[in-house]
Amino acid sequence: MNKRLIGKLLLAAVLLIMLYAYHFGAQRDLKKEIGRGYHINMVHIATALSGLDYEKLTGLSTEGNTYGSLDKLYITLRYSELQSYEGLPEVYSLLSNTIMLISDYKHDGALSQEKQEEFNANVKKINAIVTDLEQLLDTDLDWYNAFTNPHEKVKERIEERLEMEE
């Protein structure tokens with residue numbers, strides 16, 4: 001009877017280990033997929049803002065050109081899943097502020113000189129941060145970790161970039 005009980009316990013232990021291994025693998029795959037989403041989203045944002053400044057922003061509202069329309073830019077940034085960037089508050093703040101400035105521009109048709117400079121600085125910072133992240137982060141899992149629980153290397157690089165761009 002003891003052999004039979006030990007056999008059942010071993011079988012249960014093996015099944016438990018297999019279940020844990022499956023769960024670990026599935027969890028890792030999910031994190032990679034989320035990380036890929038963060039990466040793709042940041043590249044879309046950087047592409048939308050590439051080469052953009054206030055002068056070109058005014059052109060978006062009057063004519064169709066290589067940047068697309070002002071509405072398209074606004075929608076791209078507005079629906080970029082900002083809540084995803086709460087692990088990197090600097091990125092979250094820059095994106096939120098830039099969206100707000102574009103919204104103000106759409107509503108008023110112009111921005112004050114101070115807001116124009118702020119818009120230009122934000123765009124420059126966002127593009128620089130995305131470039132830095134692409135240099136630092138190799139895998140989708142790295143991207144996931146950077147946005148959920150960034151390590152010091154990523155935080156320091158973003159802080160250095162923000163200081164350089166001011």
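**Figure 1. Arg 161 is a buried residue in this predicted model.** Its relative accessibility is 19%, so Arg 161 counts as buried. Buried means under 20% relative accessible area, exposed means over 50%, and partly exposed lies in between (1.4 Å probe, protein chains only). Asp 132 is buried too, because its relative accessibility is 4%. The side chains of Arg 161 and Asp 132 form a salt bridge, 2.8 Å from N to O. Here a salt bridge is a side-chain nitrogen of Lys or Arg within 4 Å of a carboxyl oxygen of Asp or Glu. The pair links distant parts of the chain: Arg 161 sits in helix α7 and Asp 132 in helix α5, 29 residues apart. Helices are DSSP runs of H or I with at least four residues, strands are runs of E with at least two, and both are numbered from the N terminus.

**Figure 2. Asp 140 pairs with Arg 36.** Their side chains meet in a salt bridge of 3.0 Å, N to O. Asp 140 is in helix α6 (residues 140–148) and Arg 36 is in helix α1, so the pair ties together parts 104 residues apart in sequence. Arg 36 counts as partly exposed, because its relative accessibility is 35%. Salt bridges that share partners join Glu 33, Arg 36 and Asp 140 into one network.

**Figure 3. Asp 104 pairs with Lys 115.** This salt bridge spans 3.2 Å, N to O. Asp 104 belongs to helix α4 (residues 89–108) and Lys 115 to helix α5 (residues 113–136), so the pair ties together parts 11 residues apart in sequence. At 29% relative accessibility, Lys 115 counts as partly exposed. By the salt-bridge rule, the count comes to five.

**Figure 4. Asn 127 is buried in helix α5.** Its relative accessible area is 18%. Which residues does Asn 127 touch, not counting residues up to four places away in sequence? They are Ala 46, Leu 49, Ser 50 and Gly 51. Contact means heavy atoms within 4.5 Å.

**Figure 5. Leu 11, Val 14, Leu 15 and Met 18 make a nonpolar surface patch.** The patch covers about 390 Å². Patches use residues with over 30% relative accessible area and no salt bridge; like charges are joined within 9 Å, and nonpolar side chains (Val, Leu, Ile, Met, Phe, Trp, Tyr) within 5 Å. Accessible areas come from the Shrake-Rupley method with a 1.4 Å probe, and for residues only the protein chains shown count as cover. Leu 11 lies in helix α1 (residues 2–49). Leu 11 counts as exposed, because its relative accessibility is 51%.

**Figure 6. Five Glu residues gather in a surface patch of negative charge.** They are Glu 152, Glu 156, Glu 159, Glu 160 and Glu 163. Asp and Glu count as negative, Lys and Arg as positive; His and the chain ends are not counted. The place of a charge is NZ of Lys, CZ of Arg, CG of Asp or CD of Glu. Glu 159 lies in helix α7 (residues 152–165). Glu 159 counts as partly exposed, because its relative accessibility is 41%.

**Notes on the figures.** Residues are numbered from 1 along each chain as its sequence is written, and side-chain values use heavy atoms, without hydrogens and water. In this predicted model, local features need pLDDT of at least 70 and side-chain atom pairs count only at pLDDT 80 or more, while totals for chains, interfaces and linings use all residues.
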